[in-house]
Structures are given as C-alpha cells and as structure tokens.
Amino acid sequence: MAETEGVTENTRTIEASVVTDFSDRMSYGGYLDLPTLLSAQRPISRPEHHDELLFIIQHQTTELWLKLVLHELETARDLLRADELAPALKCIARVKHIQRTLTEQWSVLATLTPSEYGQFRGVLGSASGFQSYQYRAVEFVLGNKNAKMLQVFESDAAATAILREALEAPSLYDEFLRLLARAGYPVPAAILDRDVTQAWTFQPELVPVFGAIYADPDDHWAAYETCEELVDLEDNFQFWRFRHLKTVERIIGGKTGTGGSSGAPFLRRALELTFFPELYAVRTEIPG
C-alpha cells in the first residue's frame, strides 16, 4: 500500500515531534494516576464472575460523576451567594450534561440479567448504593435534607463531615432565593431566615413571587432563566431516579435491596420527592 498522509501499510506513522520519552516528563497515565484508578476494580466473587467487573465500574464511574456534580453545585451555590449569577448558571449547565450521562449509564447496567446478577449478588453483603454519601450530599445541596441519614455513615468520619457540612449550609435554592431578595423581589423574611438544616417544603408565599417573574420574562430575564435552569435540574434528577427504579425492577424484580430497603418500592417513593416545588406550582397559575 502506498504511503498516504502519513499512513503506511495501514499503520499511522508517529510524527517526529510526538513525545515518546517520559523518563523525566509527566505522562497521561501519571497525571491521571491510572495505576491507582485501574487497580481499584477488585471483584470478590470466587470464582470471579465475569459480570462483577461491570457492576463495579458502573458504580465507580457514577461516584466519579457525583464528585463532579457536587463540586459544580457547591460552586454554583457559592457564586449565587456572591451575586455572580452568570458563572453559577454555567456550573448548573455542566451539571445538566453530567445528569444526562448518568441517566444513560443505566442502560449499560441493564445488560446485566437477573440470572447473571444472582450468581454474585450474595458477595455484596449489606453494601448498597443507599450508602453513597456523595449522592446524599448532592440531595442535601439541592434541599432534600434528612439529618437521620447521617447515622448510616457514623463509621465513616470523613463522609459524616461532608454530609454534616452540606446539612448545615444553605441549599442552592436557599441561595437563589436570597439573591432574589437582594435584587428586590418580595421573598418573605421567614423563608430567608428558615432553619436550613430542615428539608425544603412547599412555601405557597413564593408562588406569587415566581408568578410575577413568569408573567413578564423580558423584564425579569435573569431570574426567569435561573428558574428554568433549576427546573431542568429537577427534571433530570427525576429521570435518573426513574431509570434507576426501572433498572432495579428489570434485574431483581421485587426483591429487597442488599442494604435492607424494600428495593423497588423504596425507590418508587423517591419519585415523590421534590427540590423546587414552587417552580412547578407556579405553572398552574400562569394564564393560558
């Protein structure tokens, strides 16, 4: 085969400028610490079941994405506190893309059949995604707080510290409402001064505030856009919850969870949780 644009005998020629000596340079694997990352998948079934690696990687990659989601949401919350709305929305936009990736990822785990999972499920013991402290931290940052969850992590001081900090800090929604108040919107003082360690519950007094924003988007564009971004966040979160539920039903049916939950019924109840209920309630009030 004749050489064409650096291709000889169906092999791409390495350009002379490409770095190949990493004896004293940082490499791709070194920067990413790939030896550590790729040695973290340690199946414990004996004999090792072929599909346990899929199960481990699915959950490890989810945790990596959750780490980034938490990083972006915490930064967005801090930016809202500083009245830096535009960069906060950039962080939220990134989270939305991550959420779509997380939701689509369930399709990979769904290739695991009940028969295959049943052959190694027993080695998980009481280990369960219910014990993901990063997932709980994300829920806390978005307002679904539950101090009782901390008892699940009492044996992990680092996880407990992260969750307690998220529990005691204002949520993303709290900071958005405070930003609105500073901008002159009539957010009730009682809401601004609420106990932020408590789960957010529907506040009917906020619906007229959002109603005025939605009634005239042009005059309230920044607030209007942020409201819609938050709705996107919640929609995406609910899609993820639903896909989780359907994947669990597909693989284990009505069995109880490894962590002791009722399994699918427990996950189904999570679909009733909401982060920003007033942003949905206001839609009923919009004329048309």
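1. Is Asp78 buried, partly exposed or exposed in this structure? In this predicted model, Asp78 has a relative accessibility of 37% and therefore counts as partly exposed, since that class lies between the 20% limit for buried and the 50% limit for exposed.

2. Asp78 takes part in two of the pairings described here: its side chain meets that of Arg77 in a salt bridge at 3.8 Å, N to O, and it also meets the side chain of Arg81 in a salt bridge at 3.0 Å, N to O. Arg77 is buried, with a relative accessible area of 9%, whereas Arg81, at 38% relative accessibility, counts as partly exposed. Asp78 and Arg81 are separated by about one helical turn, because they lie 3 residues apart in helix 3, which spans residues 52-81.

3. A further salt bridge, at 2.5 Å from N to O, joins the side chains of Glu228 and Arg283. This pair links distant parts of the chain, with Glu228 in helix 11 and Arg283 in helix 13 (residues 277-285), 55 residues apart. Glu228 counts as partly exposed at 26% relative accessibility, and Arg283 likewise counts as partly exposed, at 32%.

4. Through salt bridges that share partners, Arg77, Asp78, Arg81, Glu175 and Arg178 are joined into one network, and the structure as a whole holds 15 salt bridges.

5. His244 is listed by UniProt, in an unreviewed entry, under "binding site". In the model, His244 is found in helix 11, which covers residues 221-252, and, if residues up to four places away in sequence are not counted, His244 touches Trp106 and Leu267.

Technical notes: Residues are numbered from 1 along each chain as its sequence is written. This is a predicted model: local features need pLDDT of at least 70, side-chain atom pairs count only at pLDDT 80 or more; totals for chains, interfaces and linings use all residues. Side-chain values use heavy atoms; hydrogens and water are left out. UniProt positions are given in the numbering used here, feature names are shortened, and annotations may be inferred rather than shown by experiment. Helices (H or I, at least four residues) and strands (E, at least two) are DSSP runs, numbered from the N terminus. Contact means heavy atoms within 4.5 Å. A salt bridge is a side-chain nitrogen of Lys or Arg within 4 Å of a carboxyl oxygen of Asp or Glu. Buried means under 20% relative accessible area, exposed over 50%, partly exposed in between (1.4 Å probe, protein chains only).
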